[in-house]
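Subject: Structure for you to look at

Hello,

Here is the structure I said I would pass on. Please open it beside this message and read the notes below with it in view.

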Amino acid sequence: EVVALKEQFGLPGMKVLHFIFEGGVKDLFVSLNEKNTVMYTGTHDNDTTVGWYKKAVKTNHPVVRLAEKYFQITPSLSDEELSWRFIKIAYQSSCEKVIIPLQDILALGTEARMNYPGTVGGNWRWRLQEGQLTPDIEAKLKRLAKDTY
């Protein structure tokens, strides 16, 4: 019913990069080519991209091989390189809009996770600190958006 309603009114869909990587190669490439969609690297309910990927490495999850095979993302990358490569994948998708959590823009790990669904306490504690968003980050985002759109 939700899909029918979305299509009836032309509402955009929502894709979360972490989830589509976990869906395997077919889901990944189908999702990256959807147009009327908003692409997120992650949401307030997910781990940060750095935290998500590092957990995948520790558990030898298939997303690690998928990321390496198709996007040259390897465990040897710095947190910043890792996060920004996933951000670039989101921007290069066919999706009409892209939303990136600040924790991913800042290449932060699990310590900056916003929410743990189904828990009573310890949520919503991460805060952006003054000076974390620098002119260099602003320029990087601007270049990425300009080069992509």
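Among contacts in the chain between residues at least 6 apart in sequence, what percentage join residues at least 24 apart? The figure is 66%. Please keep in mind that this is a predicted model.

Overall layout

The chain has eight helices and three strands. Read along the sequence, their order is α-β-α-α-β-α-α-α-β-α-α. The radius of gyration is 16 Å, close to the 15 Å that the globule rule gives for 149 residues, so the chain is as compact as a globular protein of that length. Along the principal axes, the C-alpha atoms fill a box of roughly 45 × 40 × 35 Å.

Of the 149 residues, 42% count as buried. The accessible surface of the chain is about 9100 Å², and carbon and sulfur atoms account for 55% of that surface. As for charge, there are 19 positive and 18 negative side chains, and the centres of these two sets lie 2 Å apart.

In soluble globular proteins, nonpolar side chains tend to be buried together. In this model, the largest nonpolar core has 35 residues, and Leu17, Phe21, Ile73 and Phe86 have the most contacts inside it. Six helices each supply at least two residues of this core: H2 (17–22), H3 (25–32), H4 (49–58), H5 (62–71), H6 (79–92) and H8 (135–148). H6 gives the largest share, seven residues.

Leaving out residues up to four places away in sequence, Ile73 touches Tyr53, Val64, Ala67, Glu68, Leu82, Arg85, Phe86 and Ile89.

Strand S1

Lys15 sits in strand S1, which covers residues 13–16. Which residues does Lys15 contact, apart from its neighbours within four places in sequence? They are Ile20, Ser31, Glu34, Thr37, Val38, Met39 and Tyr40. For one of these, Val38, the C-alpha atom is 6.2 Å from that of Lys15, although the two residues are 23 apart in sequence.

Is helix H1 (residues 2–9) largely in the open or largely covered? Of its eight residues, the number buried is zero, so H1 lies largely in the open. Phe9 belongs to this helix. The relative accessible area of Phe9 is 55%, and the cut-off for exposed is over 50%, so Phe9 counts as exposed. Phe9 and Asp104 are 95 residues apart along the chain, and their C-alpha atoms are separated by 32 Å. Gly10 follows H1 and has a positive phi, near 65°.

Two backbone angles to check

Two residues other than glycine also deserve a look. Ala107 has a positive phi, near 60°, and so does Trp124, again with a value near 60°. Ala107 is in the loop between helix H7 (102–105) and H8, and Trp124 also lies in the loop between H7 and H8.

Are these residues buried, partly exposed or exposed? Ala107 has a relative accessibility of 11%, and buried means under 20%, so Ala107 counts as buried. Trp124, at 43%, falls between the 20% and 50% limits and therefore counts as partly exposed.

Regards

Note on methods: Residues numbered from 1 in each chain as written. Predicted model: local features only at pLDDT ≥ 70, side-chain atom pairs only at ≥ 80, totals over all residues. Heavy atoms only, no water. Helix = DSSP H or I, 4+ residues; strand = E, 2+ residues; numbered from the N terminus. Rg over C-alpha atoms; globule rule 2.2 N^0.38 Å. Buried < 20%, exposed > 50% of the residue type's maximum accessible area, 1.4 Å probe, protein only. Contact = heavy atoms within 4.5 Å. Areas by Shrake-Rupley, 256 points an atom, 1.4 Å probe, with all protein chains shown as cover. Lys, Arg positive; Asp, Glu negative; His and termini not counted. Charge placed at Lys NZ, Arg CZ, Asp CG, Glu CD. Core = buried A, V, L, I, M, F, W, Y, C linked by side-chain atoms within 4.5 Å.
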